[in-house]
Amino acid sequence: MDPTVSLDLSVDRSSPVPLYFQLSQQLEAAIERGALTPGSLLGNEIELAARLGLSRPTVRQAIQSLVDKGLLVRRRGVGTQVVHSQVKRPLELSSLYDDLEAAGQRPATKVLVNTSVQATAEIAAALGVAEGSEVHRVERLRLAHGEPMAYLCNHIPPGLLDLDTAQLEATGLYRMMRAVGITLHSARQSIGARAATAVEAERLAEPEGAPLLTMERVTFDDTGRAVEFGSHTYRPSRYSFEFQLLVRS
């Protein structure tokens, strides 16, 4: 059955908002609230156009806009299929695990590396330790609905907390820190983008050279001590940073 049949879709022809955009906004809202579930197929464009009294190019434009956002995918021989909604992460000191859980994305974690290493100059400067001193390195693959979302590499000062692999796979790093009494206070963060290497592409199920979002963050506790240095890569089709800008008077 066409899942769009049960949706209350309508367009206002007197509105200055383009008809394709009205339709795409309603479909996007249905995906975000779970009325159109991941994996479900949209109906035939011709039938949807006839039902709403729209032209087929208008419906096609609405669907293409959601394909471009990563909410729908066209599969040869299958049709147009709903994929998982993009996580819009607030630009504030929060955990990806908590953000995914709040968005109803069912987060899961695979720990790839959990070991001690010698601090490079960059890591030492970020954490405020001596170069060559021992720090803890954790590499994780964060998944949502069973699909890779982000690769997380974190360096943590020695002796800060017990980084048990099973616990790292069951919850978020910030939750583990808070559980042992660490009060997270502030962070210094930079966001960028670059092409995926072959290793990153395989890890995140993207083609080699695909654009990736990047984020580096140094997090401090309420005493001003650096408690982690994170270097993360994200799939932009599934993930974005969202923040509010204020005008200075």
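**Reading the terms in this fold**

Me: What is the order of the strands in the open sheet of six strands?
Reply: The order is β4-β5-β6-β9-β8-β7, and the pairing is antiparallel. Strands here are DSSP runs of E with at least two residues, helices are runs of H or I with at least four, and both are numbered from the N terminus. The model is predicted, with pLDDT of at least 70 required for local features and 80 or more for side-chain atom pairs, while totals for chains, interfaces and linings use all residues. Residues are numbered from 1 along each chain as its sequence is written, and side-chain values use heavy atoms, leaving out hydrogens and water.

Me: Why do β4 and β7 stand at the edges?
Reply: β4 (107-118) and β7 (184-195) each have a single partner strand, so one side of each is left without a neighbour in the sheet. From one strand to the next, the twist averages 15°; axes are lines fitted to C-alpha atoms (for helices, over the stretch in contact), and angles run from 0 to 180 degrees between N-to-C directions.

Me: How do you know that strands β8 and β9 pair?
Reply: Two strands pair if DSSP finds at least two bridges between them. Strand β8 (residues 211-221) and strand β9 (residues 226-234) share eight bridges in the antiparallel sense, so they meet the definition. Within this pairing, Leu213 is opposite Tyr234 in β9.

Me: Why is Leu152 called buried?
Reply: Buried means under 20% relative accessible area, exposed means over 50%, and partly exposed lies in between, with a 1.4 Å probe and protein chains only. Leu152 has a relative accessible area of 3%, so it is buried. This residue belongs to strand β6 (residues 147-156). Leu152 and Met215 are 63 residues apart in sequence, and their C-alpha atoms are 9.5 Å apart in space.

Me: Why does Ala126 receive the name buried?
Reply: Ala126 has a value of 11%, which falls under the 20% limit, so the name applies. Ala126 is part of helix α5 (residues 121-127). Contact means heavy atoms within 4.5 Å. Leaving aside residues up to four places away in sequence, Ala126 touches Val218, Ala226 and Phe229. Between the C-alpha atoms of Ala126 and Val218 there are 6.5 Å, although the two are 92 residues apart along the chain.

Me: What makes a set of residues the largest nonpolar core, and which members touch the most others?
Reply: A nonpolar core is a set of buried Ala, Val, Leu, Ile, Met, Phe, Trp, Tyr and Cys residues joined through side-chain atoms within 4.5 Å. The largest has 19 residues, of which Leu9, Leu23, Leu27, Leu36, Val59 and Leu72 touch the most other members. At least two residues of this core come from each of α1 (19-33), α2 (45-52) and α3 (56-68). A second, separate core has 14 residues, including Val138, Leu163, Leu168 and Met177. In soluble globular proteins, nonpolar side chains tend to be buried together.

Me: How do you know that the length of α3 agrees with expectation?
Reply: The expected span of a helix is 1.5 Å times one less than its number of residues. For the 13 residues of α3 this gives 18 Å, and the end C-alpha atoms are 18 Å apart, so the two agree. For α1, which has 15 residues, the distance from first to last C-alpha is 22 Å, close to the expected 21 Å.

Me: Why are the buried residues of α3 said to line one face?
Reply: Those residues are Thr58, Val59, Ala62, Ile63, Ser65 and Leu66. The arc is that of the directions from the helix axis to the C-beta atoms. Seen down the axis, the buried residues of α3 fall within an arc of 150°, so they line one face of the helix. Pro57 and Asp68, on the other side of α3, are exposed. The cover over the buried residues includes α1, α2, β1 (72-75) and β2 (79-82).
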